[in-house]
Amino acid sequence: QVQLQESGPGLVKPSQTLSLTCTVSGVSITTEPYGWTWLRQPPGKGLEWMGVKVYEGSTYYSPSLKSRTSISRDTSKNQFSLQLSSVTPEDTAVYYCARRGNDYDFDYWGQGTQVTVSS
């Protein structure tokens, strides 16, 4: 059974870097054709796609966040991570990791983690 679990601080100060990790079980993150994705949902707003680390290692980012976002992976731990730099209160959101499936749908999700940006 595929499971994803986000972990990381729930509170980040403005101008600092937000760091989250998604631990995957039940499938290797190097398995074709999956893409390992970060999304977020700010309060009162819709879901926003942030970026994806594809099974072979390539990475794609949302154009609006590209300058501040980095997605990496540790294949030995079957984890992928998000770093978002220079955060502001507008980055306050529930952050999700998800698997992008064969039909480019998101077929497995983590439970989500609340991150608040505040001093």
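The model is predicted, so local features need pLDDT of at least 70 and side-chain atom pairs count only at pLDDT 80 or more, while totals for chains, interfaces and linings use all residues. Residues are numbered from 1 along each chain as its sequence is written, and side-chain values use heavy atoms, with hydrogens and water left out.

Let us start with the strands, which are DSSP runs of E with at least two residues, numbered from the N terminus. Two strands pair if DSSP finds at least two bridges between them. Strands of a sheet pair through backbone hydrogen bonds, either parallel or antiparallel. Here, four strands form an open sheet in the order β1-β3-β8-β7, with antiparallel pairing. At its edges are β1 (3–7) and β7 (69–74), each of which pairs on one side only. Inside this sheet, β3 (residues 18–25) and β8 (residues 79–84) are joined in the antiparallel sense over six bridges. One place to look is Thr23, whose bridge partner in β8 is Gln79.

Now turn to β4 (35–41). Six of the seven residues of β4 are buried (under 20% relative accessible area, with a 1.4 Å probe and protein chains only), so this strand is largely enclosed by the rest of the structure. β4 pairs in the antiparallel sense with β5 (residues 48–54) over six bridges, and Thr37 stands opposite Val52 in β5. β4 also pairs in the antiparallel sense with β9, over seven bridges. There, Arg40 has Tyr95 in β9 as its bridge partner.

In soluble globular proteins, nonpolar side chains tend to be buried together. The largest core has 24 residues, and Leu18, Trp38, Phe80 and Tyr95 touch the most other members. β3 gives the most to this core, with four residues.

Leaving out residues up to four places away in sequence, Arg99 touches residues including Val2, Tyr34, Trp36 and Asp107, where contact means heavy atoms within 4.5 Å. The side chains of Arg99 and Asp107 are also joined by a polar contact of 2.7 Å. Such a contact is a pair of N or O atoms within 3.5 Å; within protein, one must be able to donate a hydrogen and the other to accept it, and residues adjacent in sequence count only if both atoms are side-chain atoms.

How values were computed
A nonpolar core is a set of buried Ala, Val, Leu, Ile, Met, Phe, Trp, Tyr and Cys residues joined through side-chain atoms within 4.5 Å. Buried means under 20% relative accessible area, exposed over 50%, partly exposed in between (1.4 Å probe, protein chains only).
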